[in-house]
Structure formats: C-alpha cells, structure tokens
Amino acid sequence: MCGIVGYIGTKQAAPIILDGLEKLEYRGYDSAGMAVYDGKKINITKSVGRLKVLENLTHGGETLPGVCGIGHTRWATHGAPSDTNAHPHFNKDETITVVHNGIIENYIHLRQMLTDKGYEFVSDTDTEVLAHLLDYYYKGNPLEAVTKVLHRVEGSYALGILFADCPDQIFATRKDSPLIVGQSKEGCFIASDVPAILKYTRKVYYVDNQEVVRLRADHMHFYTVDEEEIQKEPVTIEWDADAAEKAGYEHFMLKEMYEQPKTVTDTLMPRIKDDDIVIDELNMTDGELAAIRKIHIVACGSAYHAGVTGKYVIEGLARIPVEVDLASEFRYRNPILEEGAMVVVISQSGETADTLAALRESKARGFKVLGIVNVVGSSIAREADNVMYTWAGPEIAVATTKAYSAQLIALYLLAVKLGRVRGGIDDQMFSSLLADLKCLPDQIEMLLNNKQKIQKFANRYVGARDVFFIGRGIDYAISLEGSLKLKEISYIHSEAYAAGELKHGTISLIEEGTLVAAVSTQPDLYAKTISNMVEVKARGAFVLAVTCEENKAIEKAADYVIYIPETNPYFANSLAIIPLQLFGYYVAVGKGCDVDKPRNLAKSVTVE
Ligand code: M6R
C-alpha cells in the first residue's frame with residue numbers, strides 16, 4: 001500500500017532512500033517524504049505528489065545531509081494526500097519520527113488518550129499516533145519504547161523509526177504488512193520490497209510479525225516483542241535486479257506482457273517431469289488428492305478472475321465441485337467448509353489483507369490452505385500450509401498481466417493433476433493436455449508479436465464511454481479480466497457480463513456504436529454466444545470478437561475479429577487474454593494515462 005525505505009551506513013542516506021523509493025512507487029504515489037539525521041537533528045522533507053516532486057525539492061537527496069534516514073511513498077488511507085499527511089511524522093519536539101505502511105485500527109482511541117495527555121496532532125493520519133505514542137513511552141530506551149507501542153496498537157503496520165537521541169540506529173518492525181531488512185558492506189537497509197535494495201545487497205532477512213530490528217551501520221539485531229534477542233537466517237535473492245527495471249520498454253506493463261511466454265514456461269515446465277505432472281509443493285499423495293471433495297478458491301481482483309477460470313477447469317477436468325469467493329466476502333460470510341474440503345488462496349503479492357485474512361480464517365477452522373503465490377517469502381507464502389509459487393518474477397505495473405497468466409498455469413496443472421489421479425483423464429487425453437500446455441508459451445508469443453492489429457483497433461476507442469465484455473463459461477471468466485484491465489488503467493467504464501445474462505437488464509445500455517467485446521473460445525457455447533452478439537449488434541453495438549482460428553463464420557456476426565491459435569478449450573484463457581490486455585494497454589496509452597500507476601490504485605492492497 002505504501003513503500004518504506006531506510007538506510008544507515010557510510011554513504012549519504014537520502015539519495016539511497018530516493019533510489020529505493022523509486023522502485024517502490026508502485027505501492028503508492030500520492031505523496032512522499034524523507035527524514036534524515038544531519039548530525040544535530042532530524043530534518044524532514046515531504047510533499048504531496050509523485051516522488052519526482054521530492055527528488056526536485058531535495059536535488060536528488062543532496063540537500064538532506066546525513067548517513068541515517070527513512071523514507072516513504074504513500075497511498076492515502078487516513079487523511080487526503082497532502083503535505084501535512086505525507087510521511088514521515090514527528091513527535092512534538094521533533095526528536096522521534098516514523099514512516100508507516102498499513103492501518104492502525106485503534107488510532108481513534110489512542111489519539112483521544114494522547115490528546116487527553118496534552119499531545120497535539122497536526123495531521124489526519126493514523127500514523128501520527130505512533131510518533132506521539134513512541135514519545136509517550138520513550139524514557140531513554142528506544143527498544144523498550146517500540147515494544148511498548150507494539151503492545152498498544154491494533155491493526156497492520158510496517159514501521160521505520162528514527163530517534164534523534166540514538167542517531168546511530170534505525171528501528172524497524174512489522175505486523176501483516178511486508179518488511180525486509182538487508183545488509184551490505186556499505187550499510188544496513190529496510191524496505192517494503194526487495195527491488196528497493198537489490199542494487200546494494202542480495203542478502204535479506206524477512207521480518208516476522210511483531211519482530212523488532214535494530215539496525216546500525218555495520219550490523220543488526222532482531223528482537224521479539226518482549227525484547228528478547230533472536231537469531232535469524234538471511235535469504236539470498238536469486239533473481240536479477242534487471243527483472244525490476246523497464247529494460248527499454250515504454251511501460252512496465254508492456255514489458256510484463258512480453259514476459260508472459262517466459263512466465264508461463266517457468267511456472268509450467270518445472271512441474272512436468274517424465275511426461276507426468278509433479279507438484280511436490282502440494283505435499284499430498286495421489287490418494288489424498290483423489291480424496292478431496294470440494295475446493296474453495298479465495299482471492300481478490302485479477303487473482304479472483306484466475307480463480308473463476310480455475311473453477312471451470314477443475315470442475316470440468318477433475319469433477320470436483322469448486323466454490324470461488326472474493327476474499328473480502330469469504331472472510332465475513334461464515335463460509336461452510338466441510339470435511340474433505342481444500343482451500344486455495346491466490347495472490348500475486350502474497351500480502352493482500354483480505355486474502356491473508358481468508359487464509360487465517362480457514363486455518364483457524366482446521367483446514368489446510370494451499371497458496372498460489374508469486375512473491376517469495378510474502379505473508380501468504382509463509383502462512384499457507386503449502387505453496388505453489390508462480391514463477392513470474394517481480395511484477396511492477398499495478399495492472400497485473402504476467403502474474404495472472406502464471407496463476408492460470410498453476411490452476412491448469414492442479415486441475416489436470418486432480419483429473420488424472422481421480423481417473424477422469426485417460427492416457428491419451430493426458431498426453432494431449434500436456435502437449436497443449438507446452439504450446440502455450442509460443443502461442444502467447446505469437447499473439448504478442450501480432451499486436452499491431454489490436455493497437456490500431458484500440459486507437460479507435462480512446463474516446464469510448466462504456467465498453468462491455470461478454471462470454472459464457474470460461475469466456476465469461478476471460479471477460480471479467482479483460483474488462484478489469486481496460487477500466488483500471490484507462491478509466492473507461494466497462495463491465496463484464498455472462499453473455500446470456502445481458503438481456504436481463506444491461507442490454508438497455510447498448511447504444512449506437514457501443515463497443516461489445518465478445519469472447520467465444522468454447523466450442524460448446526459458440527452458437528449461443530453468436531446469438532448474444534447478434535442481439536447486441538441489432539441494438540447498434542459494434543462487436544469485437546475474440547475467437548479461435550477455426551471459427552471464421554463469426555465474421556458474419558462481428559465487426560472486427562481477433563483470432564487465437566488452436567488449444568484445448570480449457571486453456572483458451574491463456575491466449576484470449578493477450579489481445580484483451582493489449583487492448584486495455586493501448587487504449588490507456590492513447591488516452592495519455594499513467595499506465596503503470598493508475599489513479600487511486602496501488603499494487604499491493606494491504607488494508608481491507
Ligand atoms: O496481489 P494480489 O494478487 O493478491 O492482488 C489482488 C488484486 O489486488 C489485484 O489483482 C488487482 O485487482 C490488480 N490491480 C489487477 O490488475
């Protein structure tokens with residue numbers, strides 16, 4: 001939700017912090033700030049607006065001297081984006097400062113308690129209570145003050161804290177918001193995510209809930225919330241810093257779309273061994289897999305859309321009933337989980353608050369949870385009983401593309417594996433499914449290389465007011481994701497409808513020229529979807545069809561057709577989504593939108 005970076009070492013801190021914040025801007029970008037100790041006092045510079053504003057204000061960090069500092073890039077929750085609400089926040093005599101990612105749920109109570117004791121608040125944020133509460137508890141021992149605060153606050157947080165009294169130290173802690181710390185020869189770092197510090201070190205430590213880290217220039221110590229020192233092992237980050245750079249592409253989103261053939265290969269191929277599907281991470285025998293009676297898939301946003309596809313594919317291939325829930329609904333609806341059920345949570349970031357809560361709810365009821373997760377070491381990855389990683393690498397654009405594609409692959413593998421062990425897939429069908437899966441990377445590449453056609457078409461819809469996406473079955477799941485891609489980055493109103501449902505009300509919105517994107521990849525539903533296309537065309541819609549090569553007859557019902565190569569219908573989503581991602585992207589580019597950082601959004605939603 002917000003990005004945190006901190007540095008203490010031998011170099012000037014501010015340029016290092018700015019450099020790290022730039023890598024974290026995807027986490028929030030409505031304001032930014034830094035606090036650096038200059039040898040006498042802590043100086044804060046902060047401003048509403050993008051990180052660029054802070055860079056200009058501090059001349060790239062040069063005007064903030066000092067070797068110890070913390071920084072923040074914000075996605076506003078409590079209090080509008082403004083200079084005052086930007087982090088860091090000070091205590092009253094400007095000797096303690098804090099940056100925060102997350103939400104302090106009992107901040108109203110704490111604010112009242114502190115106000116009664118004479119503290120004055122200048123911002124509308126929940127974070128400011130932390131600065132004053134630290135002040136309240138600080139009696140010369142910073143570690144004690146931090147842990148006392150942790151005992152008082154409720155909610156989620158990742159914190160970076162500076163005490164002017166102890167300028168050779170930074171304190172960091174977290175609960176349900178991500179935070180890592182790292183060390184290099186030149187100093188120690190804190191960050192919300194690995195890319196922020198990867199330029200300086202590959203040796204990182206994942207901070208666990210309510211652990212406190214005291215960082216000095218040349219070493220760091222870890223403590224429990226009861227101030228007992230603990231030992232932790234570092235993790236070496238294997239992936240390359242280039243993976244989190246644009247590499248010449250105009251936007252991260254475009255680069256990440258182009259990475260999809262690799263992402264699909266990396267998620268698929270390690271799990272195909274000797275012409276079999278081997279998913280060791282499930283930690284379940286074939287007998288245990290065959291005994292699963294129901295699957296609950298829980299996720300948010302695009303991960304939920306992948307889950308909707310998963311429902312069709314698992315039910316179709318394995319004949320296991322699947323319920324798909326939005327995590328924000330699942331966690332509060334007292335879901336019925338019966339003996340023999342398996343819970344699957346899907347998340348790119350592994351930090352989505354609602355998905356994490358759904359995981360915990362399921363575990364608390366005694367159910368094993370499988371996480372399909374992209375970010376290694378994330379909260380969901382660590383708390384799930386078993387983790388099937390999607391090997392998509394760092395995804396920076398707020399609109400997901402490659403991680404979504406990798407999630408689909410993980411779900412296909414699971415579906416085919418379950419179908420196989422339950423005896424519903426014979427040898428011939430199994431070989432054919434594997435062969436089709438292995439073709440997907442090349443087919444995706446081919447679709448990406450033919451991007452001009454969709455780009456030209458997208459340019460015509462830069463001024464569109466509404467766009468509808470329709471499809472049946474898996475095509476409906478594809479429509480959900482196609483619609484989200486368009487609306488989240490281009491701000492054009494868009495809805496996805498099960499094609500048969502349109503005539504129950506929504507068809508009244510179709511006017512002369514309204515664009516309807518009809519997805520029709522499922523042979524059994526092809527004729528039915530054509531009827532729905534004809535219905536909207538009769539009411540003036542302009543119909544874009546996305547269909548398979550063999551369906552040439554669709555040209556009679558559509559105004560514009562994008563063909564995808566032949567694959568097993570269960571895997572069609574992986575291909576049909578490519579032109580829809582490109583469509584959303586090029587419409588947004590044509591409108592001049594900030595594609596990688598759409599308004600009001602952040603990459604990782606760590607609040608509910
Ligand atoms: O990190 P997660 O996969 O848990 O995130 C879930 C959603 O927040 C995410 O998919 C969101 O909908 C994206 N903006 C979609 O592009």
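Biologist: Which domains does the shell around the ligand draw at least three residues from?
Modeller: Domain 2 (247-446) and domain 3 (450-592) each give at least three (bounds from an automatic or database domain assignment). This is a predicted model, with local features needing pLDDT of at least 70 and side-chain atom pairs 80 or more, while totals for chains, interfaces and linings use all residues. Residues are numbered from 1 along each chain as its sequence is written, and side-chain values use heavy atoms, without hydrogens and water.

Biologist: OK, how many residues surround the ligand?
Modeller: There are 14, and the closest are S347, Q348, S349, T352 and E488.

Biologist: Which helices each supply at least two of the shell residues?
Modeller: α9 (301-318) and α16 (474-490) both do that.

Biologist: What does T352 do with the ligand's oxygen?
Modeller: An N or O atom in the T352 side chain sits 2.4 Å from an oxygen atom of the ligand.

Biologist: What about S347 and Q348?
Modeller: S347 puts a polar side-chain atom 2.6 Å from a ligand oxygen. For Q348, a polar backbone atom is 2.6 Å from an oxygen atom of the ligand.

Biologist: Switching to the backbone: which peptide bond is cis?
Modeller: The one from H87 to P88, with omega near 5°. P88 is in the loop between β4 (68-74) and β5 (89-90).

Biologist: And what's the phi of H59?
Modeller: Positive, about 50°, although H59 is not a glycine. H59 lies in the loop between α2 (51-57) and β4.

Note on methods. A residue is near a molecule or strand if one of its heavy atoms lies within 4 Å of it. A polar contact is a pair of N or O atoms within 3.5 Å; within protein, one must be able to donate a hydrogen and the other to accept it, and residues adjacent in sequence count only if both atoms are side-chain atoms. Helices (H or I, at least four residues) and strands (E, at least two) are DSSP runs, numbered from the N terminus.
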